[in-house]
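I set out to look up each pair in turn.

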Amino acid sequence: MATNTLIMSYVLKKFKNARSSANNRWFAYVNKPGTLSTRGLAQHMIEHGLIGNRAEVEAILTKLSECIPELVAQGYGVKLEGIGIFYPTIANEKGGAETPAEFNIAQNVKGVHFRFRPDSTNLDDLTTKAFGKKVTFGNGYYKEQSGAKAPMIPLVAAEEPEP
C-alpha cells in the first residue's frame, strides 16, 4: 500500500584510493535494486490502488513517454504536478557569434539537453533539500571487498538536540 514515509535502503562500501585521505573509510550509497520498466511501474501503480488494468496504465505511461519528449523538443516545458517540469536547453560553444549572420548551428551549438526540475510547491516539494527531509533510512548492508553482501545493519538515527 501507499505510504507517506519514503524509506531508502543503503549499502556501505569501503572507499579504495591510496592517494585520498578517505582511503579505507566507509561511505553510504543508495542500494539500487534495479530499474522499473513501464510494465513494472504500471503494476506498482495498480498495487497502490490505481483503477484500471495493467495494460491500460501501461498504455497511458507509454503515451506519456512519447508525448513529453515531443513537446519538450518543440520548446514547451511540461509540468507534472507533484513531480516536476521537463524542459529543453541549448548548450552553446564559448564565445558565440559576432553577428546573427555568422551564427552556424554546427559550429556554435554543442548540443541540446532534456532537463528536469523537481516540483517545489509547498505541497509536493521534491527539491533535493525537501526530498532529503522526507526520506528515512531503512535496512542497509555492507559489502566486503570480495563483493559478498554481509548481514543487514540497521542505521541508528542521531537524536535531535533538545532546544
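Entry 1. I began with the terms for accessibility: a residue is buried under 20% relative accessible area, exposed over 50%, and partly exposed in between. By this rule I recorded Glu-66 as partly exposed, because its relative accessibility is 41%. I also noted that the model is predicted.

Entry 2. I searched the whole structure for salt bridges and found three. As background, I wrote down that side chains of opposite charge can pair when their charged atoms come close.

Entry 3. I looked up the partner of Glu-66, which is Lys-63; their salt bridge has an N to O distance of 3.1 Å. The two residues are three apart in helix α2, and about one helical turn separates them. Lys-63 is partly exposed at 47% relative accessibility.

Entry 4. I turned to Glu-58 and found a salt bridge with Arg-39, in which the closest N and O atoms are 3.6 Å apart. Glu-58 belongs to helix α2 (residues 54–73) and Arg-39 to helix α1 (residues 38–47), so this pair ties together parts that are 19 residues apart in sequence. Glu-58 is buried, with a relative accessible area of 17%, whereas Arg-39 is partly exposed at 48%.

Entry 5. I then examined Arg-54, which forms a salt bridge with Glu-58; here the closest N and O atoms are 2.9 Å apart. Both residues lie in helix α2, four residues and about one helical turn apart. Arg-54 is partly exposed, with 32% relative accessibility.

Entry 6. Which residues are linked in a network of salt bridges? I recorded Arg-39, Arg-54 and Glu-58.

Notes:
Residues are numbered from 1 along each chain as its sequence is written. This is a predicted model: local features need pLDDT of at least 70, side-chain atom pairs count only at pLDDT 80 or more; totals for chains, interfaces and linings use all residues. Side-chain values use heavy atoms; hydrogens and water are left out. A salt bridge is a side-chain nitrogen of Lys or Arg within 4 Å of a carboxyl oxygen of Asp or Glu. Buried means under 20% relative accessible area, exposed over 50%, partly exposed in between (1.4 Å probe, protein chains only).
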